[in-house]
Amino acid sequence: MERTRPTPRCFSALPALALAIILLGLLAMARTFAQSQRLLLAGQDGQLSKTAQSVDNNIMGHFAWYCSDLEYITSRTGFLAAERTYLDGGGEDGLLYHLRESPLPKTVMVESMLALRRGEVALSTSGETDYAPLAVLGRIGAVDIQLWRDGAGRPYVALVQSKPEVGYAALIDGQVFFAIAEEQTAAEDHDRILLLDAQERYFFHRTPQGIRVDAAEGLDPAVHASLYLMLEAQRGGRPLSGFFQAGAQSGGERYTARLAALPAPGNENGCFTVGVARNYDQIIRPYQSAAVQMVLCGVTVMAGAALLLVFLLRSRRSHRQAQRELALLREKAQAMERLNAQTQALAHRQRLESIGTLTSGIAHEFNNLLTPIMGYSILILEKLPPEDTESYDNALEIYNASQKAKKIVARLSNLSRKGTPGALRPVRLAPLAEQVLAVAAPARPKTVRVETGLTGQAPPVLGDETQLFQLTLNLVLNSFEALAQRGGTVRVSTAWDGERVSLRVADNGPGIPDEVKAHIFDPFFTTKGSGKGIGLGLAIVQQIVEAHQGAIALDSAAGQGTAFTVSFPPAPPKAGEDPPA
């Protein structure tokens with residue numbers, strides 16, 4: 001009877017582990033949300049404080065402006081003359097005229113200009129004299145900022161300049177003053193501006209019904225909770241932020257508001273405590289909704305992860321089988337890639353052998369044709385009379401062209417020999433490179449500079465000195481040609497890394513584009529244009545390197561120069577000699 005294999009203990013603990021992970025994730029979300037709420041609250045408090053400061057600066061700016069105007073108006077010569085006439089009993093018309101025509105009554109703020117004698121209102125530009133002072137709020141220069149009211153109890157902000165015989169006051173209606181204080185501030189559309197005078201008498205605020213100026217004493221704390229936060233800030237003498245329930249004063253829907261208060265003792269104007277309130281529910285509601293959505297998404301992700309875990313546990317056997325099949329397919333694919341690479345290499349070698357066979361025959365036939373051409377051109381040169389210079393030059397041109405053709409044929413013959421080196425002997429690459437640079441010196445453009453880094457510590461390599469000389473010369477001449485147009489530097493250096501001896505020819509020329517790199521060692525491939533090269537130089541270089549069991553590496557990119565590095569094994573030491581260090 002087949003026995004049932006017991007479930008491993010680790011799998012039975014997985015549900016508990018998954019539940020613990022879910023709880024930890026929910027806890028982390030809750031902590032993240034709480035942290036974001038704290039950051040949000042700190043950012044809102046900063047914005048509210050800046051708005052309160054803006055309102056305070058606005059009030060102070062208007063006070064300074066109007067106080068300066070009041071001092072200027074009452075110190076003018078015409079005004080002082082009218083004042084003296086009034087005091088001497090000459091009538092009040094002149095003084096009233098100057099008060100009415102001064103700039104202050106023509107502003108939006110100032111409702112009436114008053115002349116005061118012995119603390120009483122003696123003259124008024126509005127004709128009303130039932131104004132009475134309540135309290136002194138502050139002072140700017142020689143002008144007091146006071147709180148007044150009229151016979152109907154309407155509050156006014158008064159700018160009062162006291163003098164020994166007669167004083168003057170500019171009255172600003174409380175509602176107008178509050179409206180001016182609100183304007184040109186950094187408040188958002190949903191922010192509410194609140195003002196409380198330094199004597200705690202009047203509370204300035206805006207409701208849906210309009211601006212209200214209420215006597216602070218006796219206001220219901222349940223309706224005007226913001227007032228008591230401002231009283232706390234004013235009595236404590238420090239900025240304060242706090243929550244309160246708003247909406248009751250307008251009879252609308254109640255909501256939680258955040259208030260930042262700047263107390264009168266510590267602000268610029270010194271006369272009013274400034275408060276800015278904002279509907280916090282409208283701010284926090286999107287974040288709360290986002291948090292709920294994040295929790296739901298997290299739970300959904302966790303549930304999906306749990307289902308995925310169950311699926312993975314059930315399918316682990318088939319997964320392992322798939323892995324084994326995949327590994328087998330990878331091995332087959334790699335084997336196919338290796339076979340494909342070998343096939344391509346064999347095809348390339350066969351093409352080269354075919355080219356070599358073809359060029360060998362072509363070179364032999366060309367040599368047979370060139371030999372009589374060169375011979376007869378020499379005979380013609382010898383038999384021409386000295387005065388026939390034109391025929392002499394033509395025959396010489398035939399000979400020179402034949403000579404160049406013979407050199408090309410010789411290079412084709414070298415390519416067709418499959419790179420088999422001649423007599424092998426130890427050759428040091430550093431002296432060989434110096435000989436190449438000396439031979440190539442006449443071909444170096446004037447704008448090209450040659451640098452060397454040839455080390456004499458490298459051991460010799462076993463090779464055909466003629467072929468190695470040709471290899472080095474081809475690389476140097478290629479670098480000269482690459483720099484012929486704009487100039488630059490060619491550096492030839494040798495190195496020994498303990499295993500191989502290397503020769504490096506590098507230039508800072510235009511470099512070789514990627515699409516050209518794959519073909520630079522192909523026979524007859526050239527980018528020099530018609531008549532400037534037959535494309536055998538690098539093909540011969542590669543053939544010589546392979547014949548000497550060496551390796552050649554190309555390091556180049558468009559616009560970044562070119563460097564060819566060829567490396568060879570060192571020559572074996574002779575009997576009785578120490579191997580190279």
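Leaving aside neighbours within four places in sequence, which residues is Leu 159 in contact with? Contact here means heavy atoms within 4.5 Å. The answer is Phe 63, Tyr 66, Cys 67, Leu 70, Val 143, Asp 144, Ile 145, Tyr 168, Ala 169, Ala 170 and Ile 172.

Before I continue, a word on the basis of these values. This is a predicted model, in which local features need pLDDT of at least 70 and side-chain atom pairs count only at pLDDT 80 or more, whereas totals for chains, interfaces and linings use all residues. Residues are numbered from 1 along each chain as its sequence is written, and side-chain values use heavy atoms, with hydrogens and water left out.

I turn to the nonpolar cores. A nonpolar core is a set of buried Ala, Val, Leu, Ile, Met, Phe, Trp, Tyr and Cys residues joined through side-chain atoms within 4.5 Å. Buried means under 20% relative accessible area, exposed means over 50%, and partly exposed lies in between, with a 1.4 Å probe and protein chains only. The largest nonpolar core has 48 residues, and Leu 159 is among those with the most contacts inside it, together with Phe 63, Ile 145, Phe 177, Leu 195 and Phe 272. Helix H2, residues 14-73, supplies the largest share of this core, nine residues. Helices (H or I, at least four residues) and strands (E, at least two) are DSSP runs, numbered from the N terminus.

Next, the helix pair H3 and H4. The axes of H3 (residues 77-87) and H4 (residues 93-101) come within 7 Å and cross at roughly 145 degrees. Axes are lines fitted to C-alpha atoms, for helices over the stretch in contact, and angles run from 0 to 180 degrees between N-to-C directions. On the H3 side the contact is made by Gly 78, Phe 79, Ala 82, Glu 83 and Tyr 86, and on the H4 side by Gly 94, Leu 95, His 98 and Leu 99.

Helix H3 also contains Leu 87. Leu 87 counts as buried because its relative accessibility is 17%. Beyond its neighbours within four places in sequence, Leu 87 is in contact with Arg 117, Glu 165 and Val 166. The C-alpha atoms of Leu 87 and Val 166 are separated by 8.3 Å, although the two are 79 residues apart along the chain.

A salt bridge is a side-chain nitrogen of Lys or Arg within 4 Å of a carboxyl oxygen of Asp or Glu. Arg 84 and Glu 165 meet in one of them, at 3.1 Å, N to O. This pair links distant parts of the chain, with Arg 84 in helix H3 and Glu 165 in the loop between strands E5 (155-161) and E6 (167-173), 81 residues apart. Arg 84 is partly exposed at 38% relative accessibility, and Glu 165 is partly exposed at 44%.

A further salt bridge joins Glu 200 and Arg 235, with the closest N and O atoms 3.0 Å apart. Glu 200 is partly exposed at 25%, whereas Arg 235 is exposed at 60%. Arg 212 and Asp 214 form another, at 2.9 Å, N to O; Arg 212 is partly exposed at 42% and Asp 214 buried at 10%. Finally, salt bridges that share partners join Glu 111, Asp 150, Arg 154 and Asp 173 into one network.
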